[in-house]
Amino acid sequence: MDFGKLSDLSLVDFTLPPDHPDTVPLLNRYSTAKKEKAKVYVGLPVWVNKAWVGEYYPAGMKEKESLLWYGKQFHTIELNSTHYHIPGPDTIERWRNSVPQGFTFCPKFPQLISHEGPLVSSLDLTATFCEAIAGLEDKLGCSFLQLPPYFGPNQLPDLEKFVQYIPESVPLAVELRHPDWFVDHVASLELFEVLEKYRVSTVLTDVSGRRDVLHMRPTTPTAMVRFVGNGLHPTDYTRIDDWVSRIKVWLEAGLQELYFFVHEPDNITSPELATYLIDQLNKVCGLDIKPPKKFVQAVQGELF
C-alpha cells in the first residue's frame with residue numbers, strides 16, 4: 001500500500017490515538033447481546049509471494065496452489081483483486097473450495113464503483129458485485145469500500161444512499177481518506193451517525209504518513225484494521241503492541257469481530273509481523289489463534 005508511505009520515519013508520532021468518545025459506549029451496547037466468543041481474523045493483502053515459497057509455503061509449490069497453502073496458514077485475506085475486476089462464478093467457487101472452514105474473504109469494492117463518479121451512479125454494477133461475492137457463502141467476511149482522497153463530507157448524501165442499497169447479507173466497512181472527515185467535527189459526527197444507522201463498519205488505517213485517518217471509531221461491533229508496517233522497523237512491533245492493548249479493551253467492551261490485515265513493503269515480511277501479532281493477541285487477550293508455521297527444509301547431508 002503506497003497510501004501514506006514515508007521514507008523518513010524520524011518525525012512520525014506513532015502513538016495510537018485515544019479512542020473516540022463514542023467507541024466504548026457503542027461497543028458496550030452490544031456486550032449484553034454477546035453470546036459467543038469474539039471472532040478475530042488475522043491476514044495479509046495477498047496470497048501469492050514467491051519469497052514465501054520454502055518458508056511459509058512448501059518448496060516446489062506451484063503458484064496456482066498459493067491460496068490453498070495460504071488458507072492453511074492464515075484466517076482471512078484482504079481481497080484486493082476484486083478492486084480491479086469482478087470475479088466470475090467459477091473463480092468464486094474455486095476460491096471458496098480452496099480454503100478451510102472458518103476462513104473468510106474480505107473483498108474490496110471495484111474501483112469502477114468507488115472511484116468513478118457518484119456512488120449511486122453504479123448501483124447496477126454494485127448489484128452485480130454483491131451477487132458475485134455472495135457466492136463465497138459462509139466464507140464471505142466483511143467487504144470494504146475504499147473511497148478516494150477527493151471523496152469529502154459534501155458527498156455524505158451520496159454515501160448514505162449507496163450503503164442503503166447494499167444487501168444485509170454483504171457486510172460492509174468504509175475507508176475514508178479525505179482530510180476534512182478528520183478535522184471537521186460536525187462532518188465526522190454526521191458520518192458516524194449514518195454508518196451506525198445502516199450498520200456499516202469503519203476501516204481503521206494505520207499508516208506512517210497519514211496519522212489523521214486513524215480515527216479509532218468503530219460504528220458496529222465489527223472492526224477492520226489495515227496496518228502498514230515499515231520493513232520490520234522497531235516501531236512496527238511497538239505499534240502492534242499498542243494495538244493489542246487496545247484490542248483487549250475493545251474485546252472486553254463488546255467487540256464481536258475483528259479483521260486485522262498486515263501490510264509490509266512488497267509484503268515479504270508480512271507473515272513475520274502477523275505471527276508476532278497473533279502471539280501477542282493470544283498472550284494478552286487470552287485468544288487461541290493458530291499462528292502460521294514455517295517449513296523446515298532438510299539440509300543436504302543431514303543425518304537422521
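## Helices α9 and α10

The axes of helix α9 (residues 234–253) and helix α10 (residues 270–285) come within 10 Å and cross at roughly 40 degrees. Axes here are lines fitted to C-alpha atoms, for helices over the stretch in contact, and angles run from 0 to 180 degrees between N-to-C directions. Helices (H or I, at least four residues) and strands (E, at least two) are DSSP runs, numbered from the N terminus. This is a predicted model: local features need pLDDT of at least 70, side-chain atom pairs count only at pLDDT 80 or more, and totals for chains, interfaces and linings use all residues. Residues are numbered from 1 along each chain as its sequence is written, and side-chain values use heavy atoms, with hydrogens and water left out.

How are α9 and α10 set to each other? They are oblique. Angles under 35 degrees count as roughly parallel, over 145 as roughly antiparallel, 65 to 115 as roughly perpendicular and the rest as oblique. The crossing of α9 and α10 is right-handed. That word applies if the near helix is turned clockwise from the far one by less than a right angle; anticlockwise is left-handed.

On the α9 side, the contact (heavy atoms within 4.5 Å) uses D236, Y237, I240, D241, V244, I247, K248 and L251. On the α10 side are E272, L273, Y276, L277, Q280, L281, V284 and C285. By class, the α9–α10 contact has eleven nonpolar, one polar and four charged residues. Ala, Val, Leu, Ile, Met, Phe, Trp, Tyr, Cys and Pro count as nonpolar, Asp, Glu, Lys and Arg as charged, and the others, Gly among them, as polar.

## Helices α6 and α8

Helix α6 (residues 156–165) and helix α8 (residues 185–197) also pair up: their axes come within 10 Å and cross at roughly 5 degrees. That makes α6 roughly parallel to α8. L156, L159 and E160 of α6 meet E190, L191, V194 and K197 of α8. This contact has four nonpolar, no polar and three charged residues.

## E78 in strand β2

E78 lies in strand β2 (residues 76–79). Is E78 buried or exposed? E78 has 1% relative accessibility, so it counts as buried. Buried means under 20% relative accessible area, exposed over 50%, partly exposed in between (1.4 Å probe, protein chains only).

The E78 side chain makes two polar contacts. One is with the side chain of R226, at 2.7 Å. The other is with the side chain of H263, at 3.0 Å. A polar contact is a pair of N or O atoms within 3.5 Å; within protein, one must be able to donate a hydrogen and the other to accept it, and residues adjacent in sequence count only if both atoms are side-chain atoms. Not counting residues up to four places away in sequence, E78 also touches L44, P45, C106, F144 and F261, among others.

## V228 in strand β7

V228 is in strand β7. V228 is buried, with a relative accessible area of 8%. Leaving aside neighbours within four places in sequence, V228 is in contact with M1, D206, V207, R239 and H263. The C-alpha atoms of V228 and G4 are 9.0 Å apart, although 224 residues separate them along the chain.

## Two positive phi angles

R199 sits in the loop between α8 and β6 (201–206). Its phi is near 55 degrees, a positive value in a residue other than glycine. R199 is exposed, with a relative accessible area of 51%.

M216 is in the loop between β6 and β7 (222–228). M216 has a positive phi of about 55 degrees and is not a glycine. M216 is buried, at 0% relative accessible area.
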